[in-house]
Amino acid sequence: MSLYDRVQRAGNAGGATSDRATGTALLPALRKQVQHIVPVDELAKLARDNPERARNEVRSACRRIFDAPQWAFVDASERESLVAQLLDSLFGFGVLEDLLADESITEIMANGPHNVFIERGGKLYPADRHFVDEAELRALIDRILGPLGRRIDEASPMVNARLPQGHRVNAVVPPIAMDGPYLTIRKFSEHVITLEEMQQAGSIDEGLRRFLVWAVRARKSIAVCGGTGSGKTTLLNALSCVIPHGERIVTIEDSAELRFKTHPNVARLEARPQNAEGTGEVTIRDLVINSLRMRPDRIIVGECRGAEALDMLTAMNTGHDGSLTTLHANSPEESISRLTTMVRYVADLPVDVIEANIASAIDLVVQTQRSLDGHRSVTDVVAFDFDRLKGRCLARSLYARDAGNDEGRWVEVPDWVDRLVNSGIAEEEEVAEWKRTYLSVA
């Protein structure tokens, strides 16, 4: 029997059906018949109160439907596949379920129901599936946001959220989304990438890896800069992995993405948007201010992008050295103007005063970049100096790596490297060998 005949028979049993990119043309007919047995509203309430019972009700309804003679042509394996897909579409992520399970995929983007793309290895590819219609994509968005207490509608057509697995979700719906609902899911692996693994992948070289370990253990405040998708959060997490276990860490994020699998003393804070009544907002700045009362040894701010920059700089300048953060900036020099602008959101301070604070607060800026072939790497490490005559914060290059090169070149080594031996962070011979190896390249 042809697929067309099967669809026709299923359609006669339960109404018109639609084909799908997965080739499962019978799924819409099965969904429609299940909804006759278990109404949508009843199923939604049951899913909130008892998810496992809701799934069992759907399985039971499917068994009743498959007992009808109209479905006799569907064999046991196909029935099992149809039930699994139906459960995914009703309670899971539908056509996106297997994409989320694929560890090689780092981002999923739905530009309306019929254009789904994935990111793999830093490159974008069209996915071999699509949603039936806008209603199915919108239902998935609502299903994602419901348990998280977020809402999206015409009055509030954009939303950011975080899935229980840690994946970051952004959704945009009409009227501002022109081609139907847009859904973007940034995936974060449970596995935390270390500096050693970044070296193996070619993102950093051996000399830089050792230098970054020293910088973290020497409690140098570091800002990781780069564009969207350049690997800032991955590097920030890798740097966090080498923080000594005897220190207390407080992390502050707009959407919790950092992973701490082995560190014993971590307090994780996450910002909260306004609720449906327009109240209850907790900003990154609120959390930075509160973190100072939590006895942190290190404060890690997932991303500075607003008024919290002032409080972060203040914390770094008042005893919370060794703190870490990320910034959106295309170069280390640009990060100075970005920080200055953010501080001036909340404080009408002279530019030279702000830049003096930046120079004293941040010890290192590490620049990340994603190349055209999708490869992510560290391209620059700079230190900040304040020129009192000019009243300007200046970036002093320590390390630079050209695109396509396996290793970078060291231009200069900061003074604190010579003090690593006295502080017990590194052996004298280790520092001397590192200098002999890498300064000779400069």
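Me: Leaving aside neighbours within four places in sequence, which residues is Leu 96 in contact with?
Reply: This is a predicted model. In it, Leu 96 touches Ile 108, Val 116, Phe 131, Leu 140, Leu 183 and Ile 185. Leu 96 sits in the loop between helix H5 (76–91) and helix H6 (97–101).

Me: Is Leu 96 buried or exposed?
Reply: Buried means under 20% relative accessible area. Leu 96 has 1% relative accessibility, so Leu 96 counts as buried.

Me: How do I read the strands, and in what order do they form the sheet?
Reply: Strands of a sheet pair through backbone hydrogen bonds, either parallel or antiparallel. Here 6 strands make an open sheet, ordered E3-E2-E1-E6-E5-E4, with antiparallel pairing. Strand E3 (123–126) and strand E4 (158–162) are the edges, each pairing on one side only. On average, neighbouring strands are turned by 15 degrees against each other, direction ignored.

Me: How many bridges join E5 and E6?
Reply: Strand E5 (residues 168–172) and strand E6 (residues 182–186) pair over 5 bridges. Val 172 stands opposite Tyr 182 in E6.

Me: Which helix lies across E1, E4, E5 and E6?
Reply: Helix H7 (residues 134–145) does, running at about 45 degrees to E6.

Me: How do I describe packed helices, and at what angle do H13 and H14 pack?
Reply: Two packed helices are described by the angle between their axes and the distance between the axes. For H13 (residues 332–344) and H14 (residues 351–361), the angle is about 120 degrees and the axes are 10 Å apart. The two are therefore oblique to each other. Their crossing is right-handed.

Me: Which residues of H13 and H14 meet?
Reply: Ile 336, Leu 339, Thr 340, Val 343 and Arg 344 in H13 meet Val 351, Ile 354, Glu 355 and Ile 358 in H14. That contact has 6 nonpolar, 1 polar and 2 charged residues.

How values were computed. Residues are numbered from 1 along each chain as its sequence is written. This is a predicted model: local features need pLDDT of at least 70, side-chain atom pairs count only at pLDDT 80 or more; totals for chains, interfaces and linings use all residues. Side-chain values use heavy atoms; hydrogens and water are left out. Axes are lines fitted to C-alpha atoms, for helices over the stretch in contact, and angles run from 0 to 180 degrees between N-to-C directions. Helices (H or I, at least four residues) and strands (E, at least two) are DSSP runs, numbered from the N terminus. Angles under 35 degrees count as roughly parallel, over 145 as roughly antiparallel, 65 to 115 as roughly perpendicular and the rest as oblique. A crossing is left-handed if the near helix is turned anticlockwise from the far one by less than a right angle, and right-handed if clockwise. Contact means heavy atoms within 4.5 Å. Ala, Val, Leu, Ile, Met, Phe, Trp, Tyr, Cys and Pro count as nonpolar, Asp, Glu, Lys and Arg as charged, and the others, Gly among them, as polar. Buried means under 20% relative accessible area, exposed over 50%, partly exposed in between (1.4 Å probe, protein chains only). Two strands pair if DSSP finds at least two bridges between them.
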